[in-house]
Amino acid sequence: MNPALVLIDIQNDYFAGGRMALEGADAAAENAARLLERFRQRGWPLFHVQHLSTRPNATFFIAGTEGVEFHSTVAPRAGEAVVQKNFPNAFRATKLDTELRSRGVTELVIAGMMTHMCIDTSVRAAFDLGFKVELAFDACATRNLRFGETELSAAQVHGSFIAALNGTFATARGTAQIVAD
């Protein structure tokens, strides 16, 4: 087994005071930090994925702002791989797939933000690329969503997306289970 940790978009704009604060961001980041520490201890590959918005009139993840920076709980150390992306899919128009394959990685542990957007998209892409994925469901966060007159809580959104990914696209496991392996 040669797993790699992929932490997606754990950036300041998703936390209190940021431009797109998410429900449960602090708890998710704490769990992501536990995963990060475990991978550092074992010397396993890890990747910090950072979203930089290039959309006209973007309201968050704007280059040069504090919000685009990695949250302090999971900030990369010198020498750790950082992959910048401009789309929800962490593999689209990035070096992530090439970097993983160059290290012989076939299994991923994925965590980050937002569950319903970049996590969902990246997990499905990883599956399509042939990676075996463990999704650290308690190291992810999202927000309330509205469809028509229906308001879905962040917990409902998160649960629905994790349930949809678990089984075919990934194995959803808690941080405690993953770090115990």
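Helices and strands are DSSP runs, numbered from the N terminus. The legends below describe close-up views of a predicted model.

View 1. Strand 2 spans residues 46-51 and contains glutamine 50. Glutamine 50 has a relative accessible area of 6% and is therefore buried, a term that applies under 20%. Its side chain is joined to the side chain of glutamine 84 by a polar contact of 2.9 Å. Leaving aside residues up to four places away in sequence, glutamine 50 touches Asp9, Gln11, Val68, Glu69, Phe70, Val82, Val83, Gln84 and Lys85.

**View 2. The largest nonpolar core.** In soluble globular proteins, nonpolar side chains tend to be buried together. The largest nonpolar core of this model has 29 residues, of which Leu5, Leu7, Ile10, Tyr14, Leu22, Leu35 and Met113 touch the most other members. At least two residues of this core come from each of strand 1 (3-8), helix 1 (25-42), strand 4 (107-113), strand 5 (132-141) and helix 5 (175-180). Helix 1 contributes the most, with seven residues. A second, separate core holds 28 residues, including Ala4, Ile8, Phe47 and Ala172.

**View 3. The contacts of leucine 7.** Residues up to four places away in sequence are not counted here; leucine 7 touches Ala32, Leu36, Phe47, His48, Val49, Val74 and Ala111.

View 4. The structure contains six aromatic pairs.

**View 5. The aromatic pair of phenylalanine 127 and phenylalanine 169.** These two rings form an edge-to-face pair, 5.1 Å centre to centre, with 80 degrees between the planes. Phenylalanine 127 belongs to helix 3 (residues 115-128), while phenylalanine 169 lies in the loop between helix 4 (154-165) and strand 8 (171-173), 42 residues apart. Phenylalanine 127 is partly exposed, with a relative accessible area of 34%, whereas phenylalanine 169 is buried, at 19%.

**View 6. Charged ends over aromatic rings.** The charged end of arginine 124 sits over the ring of phenylalanine 169, 4.4 Å from its centre. Likewise, the charged end of arginine 92 sits over the ring of phenylalanine 87, 3.6 Å from its centre.

Methods:
Residues numbered from 1 in each chain as written. Predicted model: local features only at pLDDT ≥ 70, side-chain atom pairs only at ≥ 80, totals over all residues. Heavy atoms only, no water. Core = buried A, V, L, I, M, F, W, Y, C linked by side-chain atoms within 4.5 Å. Buried < 20%, exposed > 50% of the residue type's maximum accessible area, 1.4 Å probe, protein only. Helix = DSSP H or I, 4+ residues; strand = E, 2+ residues; numbered from the N terminus. Contact = heavy atoms within 4.5 Å. Polar contact = N/O pair within 3.5 Å; in protein donor to acceptor, adjacent residues only side chain to side chain. Phe/Tyr/Trp six-rings, centres within 6.5 Å; stacked < 30°, edge-to-face > 60°. Lys NZ or Arg CZ within 6 Å of the ring centre and 35° of its normal.
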